[in-house]
Amino acid sequence: MKTPANRFTSPLRGPWLTSALGLALLVAMPVIVLTGLLSYLAYGPQLGQAIPAEVGWLRLPLFDWPTRPSWLYRLTQGLHVGLGLVIIPVVLAKLWSVIPKLFAFPPARSLAQLAERVSLLMLVGGVLFEIVTGVLNIQYDYIFGFSFYDAHYFGAWVFITGFLMHIALKIPKMRAGLRSLSWREVLRTNVADTRAQPPDDTGLVAAEPGAPTMSRRGALALVGSGVLLLAVLTVGETLGGPARSVALLVPRGRGRDFPVNKTASVAGITPQAVGADWRLTLRGGPTEVVLDRAALARLPQRTARLPIACVEGWSTVQTWSGVPLAELARLAGVPAPGSAHVRSLQRGGAFGEAYLQANQVGDPDALLALRVNGADLPLDHGYPARIIVPAMPGVHNTKWVTAIDFKRA
């Protein structure tokens, strides 16, 4: 009678294929992890606005997120989301290659095997959780009833722990696995000549291999084709322009080169709130400064072509015009602010306010934008005024601004 592990008879399974897929993940996963942690830092945890706010001993080394190059967050978050999506076929193939080990009995015969099983549980559970919640977050509707930001952050640390443990335990075996067959041999061998590798102590090689239905090079081509397809279906969200129309897997704003995450109606913005009675209040100096939109338009204006990038991975580049934040700080009586608190007319929901660092206020291209692409801001994009700061996460480029409190350094 066959045991569950013996039901897996593919001759492709073995140390070489598992090691080759592991090598791809060893290159890609650190990039995904690093860019994800950088996104958390870009949200400004030192200003109390990153989510989750309380991370205990998982707190990262804090620093002021730079404003240059202006496309920095577009690059890091585009890599995080894009690479996280295109790596899915590799993750699934890797899981397929090691599935017999999940049925090994007894589960652990030694402390070393127990550590391996624990690392595998954290690694597989962590990566599947991050993929599922990440994919759902970039769609229009997120179906889970918990905070994506909290879950994704702590889930990432479960994966990181398992990943590091697995690397420490498996690097020697991965090296041996890659040496067990040559790449030239794999790429030259067709289906008819494909043979199972000799049995070894990895537990990956089938005890009774079946006839091959695909060569190892065919398996690599299949996985590579999946990676390429996902890249085509996602990269447009970061590149923008015509490529956005084919971004089927990240559909936010597809067909438009200027997506909207939160419309005015969703934010509770009424025409009356942004009408003739709208005012901007500047605080921080001896007295409040109150300006209407006409007064703002008479102040020195600056135009900058800047990207705006979202945590979901989409980004766009537009031409913005408005008053430099440094000029508004000067008017408020705070010529060298240490930070700024921006408030919105938004009613309810997250990100109705934002804190800016000193370098974000002082950057020459950091603007209270009044116009975009030569026209007044559309209501859904923040009319009558919104923040646009180089390299800052999109949600902190606050729309429908009503007040800015500048804090002295």
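Helix H1 (residues 15-42) and helix H2 (residues 72-86) have axes that come within 9 Å and cross at roughly 135°. That makes H1 oblique to H2, where angles under 35 degrees count as roughly parallel, over 145 as roughly antiparallel, 65 to 115 as roughly perpendicular and the rest as oblique. This is a predicted model, in which local features need pLDDT of at least 70, side-chain atom pairs count only at pLDDT 80 or more, and totals for chains, interfaces and linings use all residues. Residues are numbered from 1 along each chain as its sequence is written, and side-chain values use heavy atoms, leaving out hydrogens and water.

**How H1 meets H2**
- The crossing of H1 and H2 is left-handed (the near helix is turned anticlockwise from the far one by less than a right angle).
- On the H1 side, the contact (heavy atoms within 4.5 Å) is made by residues including Ala 28, Val 31, Ile 32 and Leu 38.
- H2 contributes residues among them Tyr 73, Gln 77, His 80 and Leu 83.

**Transmembrane annotations**
- An unreviewed UniProt entry places "transmembrane region" at residues 21-43, 79-99, 120-140, 152-169 and 219-236; such annotations may be inferred rather than shown by experiment.
- Residues 79-99 are 95% helix and 0% strand, with end C-alpha atoms 29 Å apart.
- Residues 219-236 are 94% helix and 0% strand, and their end C-alpha atoms lie 27 Å apart.

**Annotated domain**
- The unreviewed UniProt entry gives "domain: Oxidoreductase molybdopterin-binding" for residues 270-407.
- In the model, residues 270-407 are 14% helix and 41% strand, and the end C-alpha atoms lie 30 Å apart.

Conventions:
Axes are lines fitted to C-alpha atoms, for helices over the stretch in contact, and angles run from 0 to 180 degrees between N-to-C directions. Helices (H or I, at least four residues) and strands (E, at least two) are DSSP runs, numbered from the N terminus.
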